[in-house]
Amino acid sequence: PSQKMEPKQFFANERTFIHWLHNAVMLASISSGILALAERDTMAEVYALCLLPISFSLAAYALFTFRWRATRIAGRFPVRWDDPFGPVILGCAMLLCLCVFFVFQLEATFGTSGGATRF
């Protein structure tokens, strides 16, 4: 038993891929900008280097999901076409990166060193 296939499903898949890729490029641009403007050996540099792999993972996830859905749509497989776990995992990785950066900044500001690190 195959599912009914409409042309708008192909376009929706491409549109979703482009949105995910846009977010990956924006995150990589922000990370590269922070990296370019940060002074050497600062927390900003570490933060940018943590964000860069996340942006590459986001782009890889977008490509994988696009191809996976395109195969399912073209084959008319009677399965779900959404991925409930990928966005949650990527969102948790971003949240973890932000929380670690925040904790390091709090430690640098209020820690035993007595002064804030340069940002």
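These legends describe close-up views of a predicted model.

View 1. Helix H2 covers residues 43-75, and helix H3 covers residues 86-110. Their axes come within 11 Å. The crossing angle is roughly 180 degrees.

**View 2. The contact of H2 with H3, residue by residue.** From H2 come Met43, Ala44, Tyr47, Cys50, Leu51, Ile54, Ser57, Leu58 and Tyr61. From H3 come Gly86, Pro87, Leu90, Ala93, Met94, Cys97, Leu98, Phe101, Phe104 and Gln105. By class, 16 of the contact residues are nonpolar and three are polar. None is charged.

**View 3. Leu90 in helix H3.** Leu90 is one of the H3 residues in the contact with H2. Its relative accessibility is 14%. The cut-off for buried is under 20%, so Leu90 counts as buried. Leaving out residues up to four places away in sequence, Leu90 touches Trp20, Ser57, Leu58 and Tyr61. Among these, Ser57, Leu58 and Tyr61 belong to the H2 side of the helix contact. For scale, Leu90 and Ile30 are 60 residues apart in sequence. Their C-alpha atoms are 17 Å apart in space.

**View 4. Ser55 in helix H2.** The relative accessible area of Ser55 is 1%. Ser55 is therefore buried, given the cut-off of under 20%. Neighbours within four places in sequence are set aside here. Beyond them, Ser55 is in contact with Ala24, Leu27 and Ala28.

**View 5. Cysteines without a disulfide.** A disulfide is a covalent bond between the sulfur atoms of two cysteines. The structure holds zero of them. For Cys50, the nearest cysteine sulfur is that of Cys97, 4.6 Å away. A disulfide needs the two sulfur atoms within 2.5 Å, so Cys50 is in no disulfide. Cys50 is partly exposed, with a relative accessible area of 36%.

**View 6. Cys92 and its nearest cysteine sulfur.** Cys92 is in no disulfide either. The nearest cysteine sulfur belongs to Cys99 and is 10 Å away. Cys92 has a relative accessibility of 45%. At that value, Cys92 counts as partly exposed.

Methods:
Residues are numbered from 1 along each chain as its sequence is written. This is a predicted model: local features need pLDDT of at least 70, side-chain atom pairs count only at pLDDT 80 or more; totals for chains, interfaces and linings use all residues. Side-chain values use heavy atoms; hydrogens and water are left out. Axes are lines fitted to C-alpha atoms, for helices over the stretch in contact, and angles run from 0 to 180 degrees between N-to-C directions. Helices (H or I, at least four residues) and strands (E, at least two) are DSSP runs, numbered from the N terminus. Contact means heavy atoms within 4.5 Å. Ala, Val, Leu, Ile, Met, Phe, Trp, Tyr, Cys and Pro count as nonpolar, Asp, Glu, Lys and Arg as charged, and the others, Gly among them, as polar. Buried means under 20% relative accessible area, exposed over 50%, partly exposed in between (1.4 Å probe, protein chains only).
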